[in-house]
Amino acid sequence: MGKQEGFGVGPSVRPHTMGIWMWGKPMMAKLPSGEPLSVIFLDTEGFAASNISETYDAKIFSVATLLSSYLIYNSVKIIDQGDIDYLELLARRTQLFALRSQMTKSKWFEEFNHDLLRFPPLVWVVQDFVQQTADEESPTEWLHQIMETSSREEGDYDINLLGIFDTVDCHTLFLPATKKHLLQDLSKATEEELTPEYKEERDRLTHKLKTGLVPKEKNGRPITGPELATLLEILVTAANEGSLAEIPGRWQVFIDQLQSSALEDCAAFYESDIHMLLSSYENSAVNETELLEWHYSSLDKATTLLKQLLFGLEEAIVEAVNGLNTTSTEKFEKIWDLNEKKIQLKCGEVQRQLELEAEEKLQVPVLPMKTHGLVREQEQVREACVTSYRDQVGHLRDNAAFERQLSQLQTGLRYIFGAVTLKNNVAMEELLHSSMNWHWKSSERGALTRTGYHAQLQPSRLLSRLPPAEPQWYICLKDLCVSVLITKYSCT
């Protein structure tokens, strides 16, 4: 500006500039085409002050950026990843702010042009820069290399200043003076007291700004003073009405990430603790009471861990605990349903296996046999099957499937016993017919004619005639009294 004094820079640690300051009178300049241009200089207070919120910084940056046709961003000594991240965050918030301003304010003005909210070119000025860039690269190449090689833990998105601003340049400035009182208030320094390196780099910056100067345009022409005032009103009104209020700051983002990470870790801990119980049963069916108690124990341990991870963040703790309860409940419901199916499958398998074993055991005795002996044998098999069932799946008795499958086992045994009893009766009839035929053929009483009457045969008389080689027949016929209708048989 060719002036000894301009925007003030306070010598103390407290901020000197508050909000956005505008130079009182435009400076006349010319575009490369020779067209005259009025240049208005804006100055903003510094960012990331200890007593200033991130939302306030975002408001200042958004209004200044969208109001300008050329943006100069100042930092000191070096550009690190934190500087880039913070500027990118401000730029992203400005994008959202511009979008909201378009949606809510354009309806106020029929001729409002959304192109007015485009991002201007960016020049990043690094003051008090004394380092050397690698391989003699320019400051702009150095900045681009930092942005391209910067890494984040989350690699699923790409945020880059090159995709936000029309252009991104970098310019460095050496120390302007060597005396402390001059560095505290540079306006007191004469041209001769400034360092040669600073003056050289300052002049190159001034030339860069003059040659790269572009007007704020509307419909392809520079905007007028009234149009600039209208744009300023739109931006300030939108900022004051809270268009940035719902966008979280870095601290809130950190809290959200910490809460999300803690919740994820504690949910994984809960699931791991539950699977310790399931592994002890070799992923087989588990007693429901034990599973439920283990669930509450695991959830209690996970909740304690969650509170330790979020210690001091009460709101985050409440939200995270609710989230953990929801997540653990969903996981436990799946585990419970799967365990329910395992219980039904296990009880059913044991039931069917015991029924097969019962059939095998009842095939061992040779039929026919005494009725009371067969009943005793069947009762022993039934007791053995029920005892074995209780021993194998007794720990699952809390589930309804236990009693249901036990009832089905007893029903199946009754069917099996009934079939064996029927086979025993058939065997007895066959034995009786064989004995009767043998008895009649060997009888000395003579022939019997078909007289249609009943002959009552005494088992003792039959037993005296049975072959001695088949003693089991004697056992069957001791309790058997047979009434035979003689209709067609004759004996000699």
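Glu227, Leu231, Ile234, Leu235, Ala238 and Ala239 are the buried residues of helix H6, where buried means under 20% relative accessible area, exposed over 50% and partly exposed in between, with a 1.4 Å probe and protein chains only. Seen down the axis of H6, these buried residues fall within an arc of 125 degrees, so they line one face of the helix; the arc is that of the directions from the helix axis to the C-beta atoms. The model is predicted, so local features need pLDDT of at least 70 and side-chain atom pairs pLDDT 80 or more, while totals for chains, interfaces and linings use all residues. Residues are numbered from 1 along each chain as its sequence is written, and side-chain values use heavy atoms, without hydrogens and water.

**Helix H6**
- Gly225, Pro226 and Asn240 are exposed on the other side of H6.
- H6 (residues 225-240) has 16 residues and should span 22 Å at 1.5 Å a residue, which agrees with its end C-alpha atoms being 22 Å apart.
- The expected span is 1.5 Å times one less than the number of residues, and helices (H or I, at least four residues) and strands (E, at least two) are DSSP runs numbered from the N terminus.

**Aromatic pairs**
- The count comes to four aromatic pairs, with rings of Phe, Tyr and Trp (its six-membered ring) pairing if their centres lie within 6.5 Å; planes under 30 degrees apart count as stacked, over 60 as edge-to-face and the rest as tilted.
- One of them is Tyr73 with Trp124, edge-to-face at 5.1 Å centre to centre and 85 degrees between the planes.
- Tyr73 lies in strand E5 (residues 71-76) and Trp124 in strand E6 (residues 122-127), so this pair ties together parts 51 residues apart in sequence.
- Tyr73 is buried at 10% relative accessible area, and Trp124 is buried at 0%.
- The rings of Tyr389 and Phe402 have centres 5.2 Å apart and planes at 35 degrees, so the pair is tilted.
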